[in-house]
Structures are given as structure tokens and as C-alpha cells.
Amino acid sequence: MSTVSGDNPVPAAPVLPGRRWLLPSAVVAELDPERTGRGGRPRRTARDWVVDFGCFVLAVVIGAMAAHTLTRDPDTPHALAVVDQWIGGLACLAVWSRRRWPLGLAAAMIPVGLLSNTAGGAGLVALFTLAVHRPLKYVGWVAGVQLALLPVYFWLRPDPDLSYAAAIAVTALLTLAVVGWGMFVRSKRQLMLSLRDRARRAETEAALRAEQAQRLAREAIAREMHDVLAHRLTLLSVHAGALEFRPDAPREEVARAAGVIRESAHEALQDLREIIGVLRAGDSDDAGRPQPTLGALDALVSESREAGMKVALDLRVADAAAVPASVGRTVYRIAQEGLTNARKHAPGAEVTVGVSGAPGDGVSVSVRNPAPPGEVPHVPGSGQGLIGLTERATLAGGRLEHGSDGGGGFLVRAWLPWGG
């Protein structure tokens, strides 16, 4: 058997540690339900055969002692003694079926015990088996009936060696001891099974946690891939489209567009290699090339301007280097996604990127573009970028809002914490 975590099967702990033959068949059936015999009953283990044989011998020894006492009783006729011994012998043979019918055997031993003195050992074994294999309510009923019938039994068949009260007291004490021993054995088995169930649940929960962590890591990498590659590929699309629709453009403009396409393709390939490297090596998000921070925002705006966009940057952060790296990286990704969406859905419109903040007040970032100056062809999009940005801002302890600004334009606005 194996526990699956993610895509790789992880071998689980064996179902039954140690040697099976040392465990009772009832425990083996609970831990490994596949090990059952005919009729769905658990197969006897070597330990079961030894215990059953011991119980049979114990029932025979107690019955023999009772038979010897019965033969010395002058008030008992010989024919009745023979019948008593035959019934006791059959009761001892019935001990071998105690695992299959514990309740039925214990209930049958109540009238048998009234008829046969030599069946006392078999009755004690049946009561012990009932206490081991069945809940307390069944044991209480059977043991209660037996204890209630003790005065009747010793009144009909008095003990030749003990007084009436002493015989009742000794037999009652022996009955309670057998019941207590059986309940103790049952509680030990239930404790072992509960510990095994807890271990199995712990293994399952650990596998689920590992799978969840792996899924979250893949989702984070997928968001990072979208944020990085969408910007690069949009640049490629814009400049390739310009070359396609303006084949008569001046040589300098064609050369500049080709240079932007080459540079964007190189950067996209480099970013893709980094992400694939993280997937292969399992490195952290900060491995490889330095991750962008707030200081890289000027380069992002310059790159967009070189691509032909109209971008106005309003950066009002006194010390950009003091902004935490995680916050700066999130601000960069928000601005990058906003510029990418504006380039796709509002070409030709001037985009305003505003960033402000101070320690203790947090960092506010907004990307706003007005309505496009002309008709814009439909550009397919799934909206996953904005969804990923919202989740990224939430994980950073901030918030992000996006939607129409009321004048036909679009606004992305976010706030991120910056502790003092």
C-alpha cells in the first residue's frame, strides 16, 4: 500500500507491524480487513489456537474437579451425575465456538449451568469471551442474570464443602473477576486500535498537508509566470503587429521594433528558464536572478515608453530602498500587470502610475488609464492576472481593488502594509 502525495507515491507504513501470529484474530481483522476467512470471519492466528486450547483445557480441568466433587456427594444419584458429566463435556466442546458466537454461547451457558455442575468452567470461559468481544451492556445482562440465579442454584444443589452464603460469595467474586479481566483485555485491544487509527490519520493528514503545500507552491509559480511572461509577450505582440500593419515604416523604426522584439523575447526566455529551474530544483522564490523591487519601477516604465506607450510615473516614496522587498516586489507586479492590461485594452491612452507611502502608513499604488482614443479590437483575456494580484496583495496583508473609474477608463488600486 502507498500514500500518494502530489504526483509521487510515498510508501506508507505496513498495515500490521511485527508478527501477525502474535496478535488476536479480532485485532488482525480490524487492522487488515482483507485477512478474513470464509463467511467474512477472521481467520484464527497461532495465538488464537494456543489460547483456545488453553481455555478448553481450563474448562475441562474445572469440570473434572466439579465431577469429582459430584461423585463424592451421597445426595446425588449416579444417573444424575452421569447426565451432569455428559452435559459438562458437551459444554467444554462448545468452548471451541466461543469466538464465532460469544453472546449466544454465554446466554446458552445460563440454563446449562443450572443443569450441570461440571459445566461451570465452560460457563466462566464463555463469560470471559463475551466480556472481551462484546460491549458492556451485553456483559452486564448475562453476568447479572448469572449472579441473580446463584442463590437458586446453590439452594437446589448445595456445595458439600462450603456453606450456602460462602458458596454464593465465592462464586459471585469469581464471576466478577472473570468479567473484569475480560473487560480489561477488551480495553487494551481498543486502545491499541485507537492508537493505530490515530497514526493512520496522522499519516493521511501529513500527506494532505504536503500535497496542499505543493499545490500552493505551484499556484504561486503559475502566478509568477503569468505576471512575468504576460508583460514580455504583450510587448512582442504590439511590435509584431506594428511591423505587420506598417510594412512601409522607416528603416530606423523597423530596426527599433525588431530590437525591442529581440530583447523582449530574450527576457521572456530568461524568465521562463528561471521558473523552470525553480520547478526542477525546488529552490525558493528568491533564487536565480534578483527579483524586481520598487527600485526597478523606473526601468519598467522606461521599457513601456520605449514600446510606444504614454506612461506618467508619480513616485512619492522618500526612500524606495527602505521599502521591504516583498512589498516592493508586489508593487512592481501590480504596476506591470496594469501596464500590460492598458497596452492590450487601451492602446494609445496615457497611463498614470502612482506610488506613495511612508513607514507606518503603508504603500499605495494605482494604475489608471482613460478610455482608449479609438476603437479597440477584442483582445482575449481570462482575468487571471487581476485575480492573482488580488490574492498576492491579500497574502501580503493588504488589499486590491479594480474596475471602471466612471469615465470609461480603468483603475487598479492597492494598499500594502509598511511597518514603521
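**A pocket and its neighbouring helices**

The largest pocket in this predicted model is lined by 36 residues, and Asn117, Gly120, Tyr153, Phe154 and Thr171 are those that lie nearest its centre.

Visitor: Which helix supplies the largest share of the lining of the largest pocket?

Guide: The pocket has a volume of about 1100 Å³, and at least two lining residues come from each of helix 2 (46–71), helix 4 (102–115), helix 5 (120–133), helix 6 (136–156) and helix 7 (164–245). The largest share amounts to six residues, and the element that supplies them is helix 6.

Visitor: How many residues of the lining of the largest pocket are charged?

Guide: The lining consists of 36 residues, and when these are sorted by class, 21 are nonpolar and eleven are polar. The charged residues of the lining number four.

Visitor: How are helix 4 and helix 6 oriented, roughly parallel or roughly antiparallel?

Guide: The axes of helix 4 and helix 6 come within 10 Å and cross at roughly 5°. Angles under 35 degrees count as roughly parallel, so the orientation of helix 4 to helix 6 is roughly parallel.

Visitor: Which residues of helix 6 make the contact with helix 4, and how many nonpolar residues does the contact have?

Guide: From helix 4, the contact draws on Leu103, Ala106, Ile110, Gly113 and Leu114, while helix 6 contributes Tyr138, Val142, Val145, Gln146, Leu149 and Tyr153. Two residues of this contact are polar and none is charged, and the number that are nonpolar is nine.

Visitor: How many residues apart are Phe56 and Trp96?

Guide: Phe56 and Trp96 form a tilted aromatic pair, with 5.7 Å centre to centre and 40° between the planes. Phe56 belongs to helix 2, whereas Trp96 sits in the loop between helix 3 (78–94) and helix 4, and the pair thus links distant parts of the chain, 40 residues apart.

Visitor: How many charged residues does the contact of helix 9 with helix 10 have?

Guide: Helix 9 (residues 297–306) and helix 10 (residues 325–345) pack at about 10° with their axes 10 Å apart, and are therefore roughly parallel to each other. Leu297, Leu300 and Ser304 of helix 9 meet Tyr332, Ala335, Gln336, Leu339 and Arg343 of helix 10. Five of these residues are nonpolar and two are polar, and the charged count is one.

Methods. Residues are numbered from 1 along each chain as its sequence is written. This is a predicted model: local features need pLDDT of at least 70, side-chain atom pairs count only at pLDDT 80 or more; totals for chains, interfaces and linings use all residues. Side-chain values use heavy atoms; hydrogens and water are left out. On a 1 Å grid over the protein atoms alone, a cavity is a set of points where a 1.4 Å probe fits but cannot get out, and a pocket is an open set with protein on both sides within 12 Å along at least five of seven lines; lining residues have an atom within 4 Å of a point. Grid points are joined across faces, edges and corners, and a volume is the space filled by probe spheres set on the points. Helices (H or I, at least four residues) and strands (E, at least two) are DSSP runs, numbered from the N terminus. Ala, Val, Leu, Ile, Met, Phe, Trp, Tyr, Cys and Pro count as nonpolar, Asp, Glu, Lys and Arg as charged, and the others, Gly among them, as polar. Axes are lines fitted to C-alpha atoms, for helices over the stretch in contact, and angles run from 0 to 180 degrees between N-to-C directions. Angles under 35 degrees count as roughly parallel, over 145 as roughly antiparallel, 65 to 115 as roughly perpendicular and the rest as oblique. Contact means heavy atoms within 4.5 Å. Rings of Phe, Tyr and Trp (its six-membered ring) pair if their centres lie within 6.5 Å; planes under 30 degrees apart count as stacked, over 60 as edge-to-face and the rest as tilted.
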